[in-house]
Amino acid sequence: MTKQLITLNVNGERSEIAVEPSWTLLETVREQLRLTGTKEGCGTGDCGACSMIVDGRLITSCLMLAVQADGRQITSVEGISTNGDLAPVQRAFIDKGGVQCGYCTPGMIVAARALLDANPNPTLNDVREGLAGNLCRCTGYTRIYESVLAAAEAARA
Amino acid sequence: MAQETITRQEAESGQYRAIGKPIVRPDATGKVTGQSVYTDDIQLPRMLHAKVLGSPHAHARIKSIDTSRARMHPGVEAVVTAADLPPYKMNESNRRGVIFPKEEVLFQGQPLVAALATDPHVAEEALSLINVDYEILQPVVDPVAAMKAGSPLVRSPLGDVDRSEERGHVTLNVEEKESEGKPSNVASQMNFKRGDLEAGFAEADCTVEHTWRSAWVHQSYIEPHATIADYDASGELTIWTSTQAPFFIRDELAQTLGISENHIRVIAPEMGGGFGGKIYLYELLTAALAILVRRPVKYIMSRREDMLAATPAPFAQVALKTGMKRDGTLVALQAELVYDSGAFPGAPMLPGCLLVGGYYNCENLDIQGYEVLTNKASAGALRAPGAHNATFAIESHMDIMAKELGLDALEVRLANAVAEGDLLPSGQPYPRIGLRECLEAIADSNVWKRRAEVAQQPNRGIALAVGGWMGGLQPASAIVCLNADGTINVTVGSSDISGTNTSFKQIAAEVLNVSVDRVSVESADTKTAPYAGMSAGSKTTYTVGRAVQLAAEDAKRQMLDVAAQRMEAAPEELEMVDGEVRVIGSPDKSVTFARIGKWSTNFGAPFASIVGRGAMTTRKSAPGFTAQAAEVEVDPDTGEVTVLAFAIAQDAGFAINPMSVEGQMQGGVSQGIGIALSEEMIFDDSGRLMNANLLDYRLPTTRDLPPIETIIVEVPSEEGPFGARIVGEPSIVAGLAAVGNAIAEATGTRVYEAPFTPERMLRAMGKL
């Protein structure tokens with residue numbers, strides 16, 4: 001297969017890379033850019049561990065081809081904190097015990113960021129709706145709900 | 001030796017500086033930023049990716065394998081079949097004793113061939129060029145039918161069965177009776193008898209008899225199995241793998257591969273969940289490939305492969321008959337438990353047999369268990385393996401009998417519940433346990449208090465169930481070192497699967513009376529850490545935590561000795577306060593930990609380095625119990641069950657880190673609710689898994705789970721650190737029964753087969 005040159009704007013950094021047309025955004029970011037924070041849990045868009053934000057929309061990067069992301073603005077978990085300072089949502093997941101094994105966490109953080117960007121004052125039900133595409137097997141979600149609500153509160157303060 | 005009894009009030013009143021407090025996990029920062037390194041994140045020079053061809057059939061004879069086209073595929077470095085591997089010392093009676101079967105495929109997805117390439121896509125392409133000629137054999141799918149005389153056999157007869165992995169999850173002084181004589185699909189049996197069953201039932205005012213079934217379920221850790229193996233020119237084998245059991249893997253690999261244990265290094269990087277399912281699976285395969293090609297090999301399972309060919313938790317059928325007197329006394333219990341083991345022995349039939357008669361005193365019982373082989377991926381552990389299946393039966397019966405006799409569901413449980421000294425069905429006495437305390441605590445939950453009010457509302461109901469787990473036992477050890485700057489390093493061999501490293505920090509900080517920030521913990525590397533058993537059986541804090549406590553006490557003694565010599569005081573006159581050693585009563589006379597660190601590390605230092613050693617073993621388990629209350633609503637038209645609220649009370653002995661303990665309680669509850677409502681591996685008549693993905697195998701989502709109310713109960717264990725007992729597993733045990741009981745409250749309908757899908761609900765309600 002012939003490789004195709006594309007531009008990926010990930011977390012504000014531009015990279016030109018040659019990709020196979022069949023490569024997913026997930027594997028391209030992980031294997032070519034070596035940004036391994038984003039995880040693959042299923043490869044079929046069911047678990048949300050590979051969540052990224054592309055042009056403001058929450059997507060599962062295992063279902064998007066790298067060529068489809070050409071030139072678009074992409075945020076992965078590595079882009080949530082700025083200059084090493086944790087974002088409120090990250091701080092809240094740490095403090096409220098929203099993290100256990102951590103494999104769903106990058107996707108959860110990205111999905112929570114997308115949720116809070118769209119709705120800075122979510123109710124518990126909003127959080128449960130907003131994270132419904134992200135599976136966590138460790139926490140039972142209780143402390144994830146608390147984390148996201150606490151992050152919203154911290155942002156208001 | 002008995003630990004001092006402490007209470008939550010004492011812990012919070014400042015008696016303890018580090019334990020009993022919700023300390024945040026230090027590993028959480030790497031996890032929220034994406035910096036933590038999991039196995040698949042590791043990339044080694046010259047590394048090859050392995051892709052594995054699994055059998056499409058559940059039972060077949062391999063007539064031939066043609067790999068010639070695959071070997072020619074550009075970019076393929078090697079294609080490996082059973083014929084390419086040296087004759088390793090394998091025990092084919094065990095799942096882990098087979099890399100690739102030579103003749104007979106025993107379950108769908110069983111690995112047959114591996115293709116290796118630097119590009120994983122190329123390796124994947126190579127698989128499609130392999131041609132395997134099978135003679136399809138009759139698959140044995142239903143374990144109950146498979147027990148009958150004349151059933152076709154699942155496989156050729158077994159040799160000696162090695163049960164060392166199961167013993168890591170639950171350590172008991174009883175053993176299964178391996179089946180002998182005529183070839184049969186029954187791998188093992190177990191029987192417990194007590195009293196006079198007939199007399200017991202004759203005495204009963206209420207007798208209830210039902211058969212309860214619960215489905216195969218998958219651990220569904222979000223990170224599928226992942227392993228890297230590297231065999232270097234000097235003969236050192238290094239394995240990075242997502243495992244709960246680094247030392248177990250090392251020892252097994254050493255035996256099979258003929259490499260000594262000191263030349264094998266197993267490192268468990270961060271792991272994305274295990275729940276009993278990540279002990280030892282494809283590490284041998286990956287190591288064998290790496291040894292063959294002399295390059296690092298990475299094998300990451302796809303979700304589909306993991307669902308097909310890992311070690312899920314089995315289906316069980318429990319036929320139960322119970323008798324109760326009018327006053328609520330349980331007088332007779334007869335059970336037959338059949339656990340599907342898949343193609344290899346290893347089903348958790350034994351703990352099921354113990355627990356079905358292990359929650360309540362009953363003078364007359366007869367419990368018979370069967371472990372039955374079928375052509376499915378072999379059963380492994382899932383958080384208190386086998387417990388939820390048995391608990392579903394007994395806890396449903398308790399509610400049914402209480403209702404028939406007009407007794408209160410909670411009171412009748414309290415009246416029969418086991419306590420210290422009461423006997424397990426095996427005849428062993430319980431150590432100190434907190435089942436009754438959990439029942440009392442759940443009565444105080446917000447969910448249970450709404451029971452009468454909710455009972456008035458149509459299609460809604462609240463009910464409860466109890467659960468428990470014995471726990472595993474294995475020796476453990478730890479090292480505590482003082483650094484030159486006064487900080488503390490703790491080294492342990494266990495994998496951190498549930499925040500245990502954070503608890504170890506707290507334990508060491510408590511003993512040395514220093515801030516938790518001054519302590520760090522390294523774990524899970526067999527070359528640098530002293531031995532620890534597998535992180536399974538909920539025993540890590542109970543055993544390794546105790547070793548950390550002992551090692552910290554040893555380091556403390558050494559530090560006090562140094563300080564005593566320098567301060568010209570007796571060690572008994574000294575105390576540790578806030579990172580200093582002080583003369584008791586004269587706080588101005590002190591030396592800092594940093595001074596002691598320098599005196600024991602600098603050039604020409606007068607004292608030897610401070611290295612505390614802790615090692616322990618115990619034969620005494622610290623079983624953990626739970627009581628759980630579920631509030632459900634059933635849609636009478638669609639049959640859909642919604643969990644509206646859920647509460648769990650669990651005995652943690654002493655919660656070293658209440659935040660971690662609550663996290664374990666909530667996580668286990670969510671898995672219990674999944675087992676109750678939606679999780680089911682569905683096999684067709686030919687033994688093929690119909691839903692090998694996370695869309696059709698439905699895990700609970702945020703839409704399914706309300707916030708879970710937690711109540712920590714603390715009945716101190718006798719030997720755990722500061723009274724801590726097992727925590728991780730009991731939480732999963734009672735959810736299925738609690739939801740089933742709540743459905744009965746809501747609808748008056750019993751569903752005897754889990755999960756309680758809309759279809760099963762509608763059938764049970766007579767609407768389908």
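**Domains, interface and a buried leucine**

In this predicted model, the C-alpha centres of domain 1 of chain A and domain 2 of chain A lie 21 Å apart. Domain 1 of chain A covers residues 4-79, and domain 2 of chain A covers residues 88-156. The contact between these two domains takes 14 residues from domain 1 of chain A and twelve residues from domain 2 of chain A. On the side of domain 1 of chain A that touches domain 2 of chain A, the largest share, three residues, is supplied by strand β3 (residues 51-54) of chain A, and the residues of that side divide by class into seven nonpolar, six polar and one charged.

Turning to the contact between the chains, 40 residues are taken from chain A and 40 residues from chain B. On the side of chain A that touches chain B, at least two residues come from each of α2 (88-95), α3 (105-118) and α5 (142-156) of chain A, with α2(A) giving the most, four residues. That side of chain A is made up of 18 nonpolar, 15 polar and seven charged residues.

Within chain B, one residue can be followed individually: B:L424 is placed in the loop between α13 (409-416) and α14 (435-443) of chain B. B:L424 counts as buried because it has 20 C-beta neighbours inside 10 Å, and the cut-off for that class is 20 or more. When its neighbours within four places in sequence are left aside, B:L424 is in contact with B:L354, B:G358 and B:Y430.

Key. Residues are numbered from 1 along each chain as its sequence is written. Chains are lettered from A and ligands numbered from 1 in the order in which they are written. This is a predicted model: local features need pLDDT of at least 70, side-chain atom pairs count only at pLDDT 80 or more; totals for chains, interfaces and linings use all residues. Domain bounds come from an automatic or database domain assignment. Two residues are in contact if their C-beta atoms, placed from the backbone, lie within 7 Å. Ala, Val, Leu, Ile, Met, Phe, Trp, Tyr, Cys and Pro count as nonpolar, Asp, Glu, Lys and Arg as charged, and the others, Gly among them, as polar. A residue is buried if 20 or more other C-beta atoms lie within 10 Å of its own, exposed if 12 or fewer, and partly exposed in between; C-beta atoms are placed from the backbone.
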